[in-house]
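Student: Could you walk me through this structure, one question at a time?
Tutor: Gladly, have a look at it below and we will start with a definition.

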Amino acid sequence: MPSAPVCLRVRWFAAIGLTGALTMSVAACGGMTAGTITIGVKFDQPGLGMKNPDGTMSGFDVDVARYVAQQLGYTAANVVWVEAPSGQREALIRNGQVNYVVATYSITDARKQKVGFAGPYLVAGQSLLVRADQTGITGPQSLQHNKKLCSVAGSTPAQRIKDTYPGVQLQRYDTYSACIEALKNGAIDAVTTDDVILAGYSAQSPGTFKLVGKPFSREEYGIGLKRENLTLRHKIDDAIEKMERDGSWQAAFAKNLGASGYPTPKPPKVNRY
């Protein structure tokens, strides 16, 4: 959360169960600002979570996060965005630096031991992105032959490649945007993560990349939060279900990812973990 050098920050518990959710900034002169909610998102994933050059945020995850915040009683002006790289999501939640995370966050049994999840709000599948002129890579099996594959440290896709395809030369970068740049300049041969993420990058550079092979996993994206905050979890589940019912979910997906050619999927059933 951004610091306020001339203000004293006071945290208090909201009635809706957002532990540490509202932050009141009391200036030395006695001024006061409205309460805010802090949300972790990706800053570098086109179509999902992107910080634009003008400082605004866009993407499907961002729209889901905003909708949920609105259902919790917050206006767009009262949302504080925090970058949530894959390897830092659990720490941001457990340290109380965010109220929740909406950042292509796959729900896994291992992660559920550390944080809680609402949702899922989207289902994707792991895939491969290569340069448009690449012909030697058709799926994960073809990566065994001296091919360099890039993914992100702390991500589910990177761990799956390590566990399932140990012969692959896996390069772990901090962000997918760094992987994409390495793919573009020829430093690596392919990027792996979920198909919907790769579709966003491909749409950002038409004719430069292509997805190859079929998805080889099922990824349920959830909204991460503190495990013990059941009240907030249930309220977020309610918000996701409402977003799916009233058409806002479908509209947000089409707006953010329709240009990539990725077909709008059916909204998933909320599992209420």
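Tutor: A disulfide is a pair of cysteine sulfur atoms within 2.5 Å. This is a predicted model, in which local features need pLDDT of at least 70 and side-chain atom pairs count only at pLDDT 80 or more, while totals for chains, interfaces and linings use all residues. Residues are numbered from 1 along each chain as its sequence is written, and side-chain values use heavy atoms, leaving out hydrogens and water.

Student: How many disulfides does the structure hold?
Tutor: C150 and C179 have their sulfur atoms 2.0 Å apart and form a disulfide. The count for the structure is one.

Student: How far apart in sequence are the parts that C150 and C179 tie together?
Tutor: Helices (H or I, at least four residues) and strands (E, at least two) are DSSP runs, numbered from the N terminus. C150 lies in strand β11 (residues 148-152) and C179 in helix α5 (residues 176-184), so the pair ties together parts separated in sequence by 29 residues.

Student: Are C150 and C179 buried or exposed?
Tutor: Buried means under 20% relative accessible area, exposed over 50%, and partly exposed in between (1.4 Å probe, protein chains only). By that definition, both C150 and C179 are buried.
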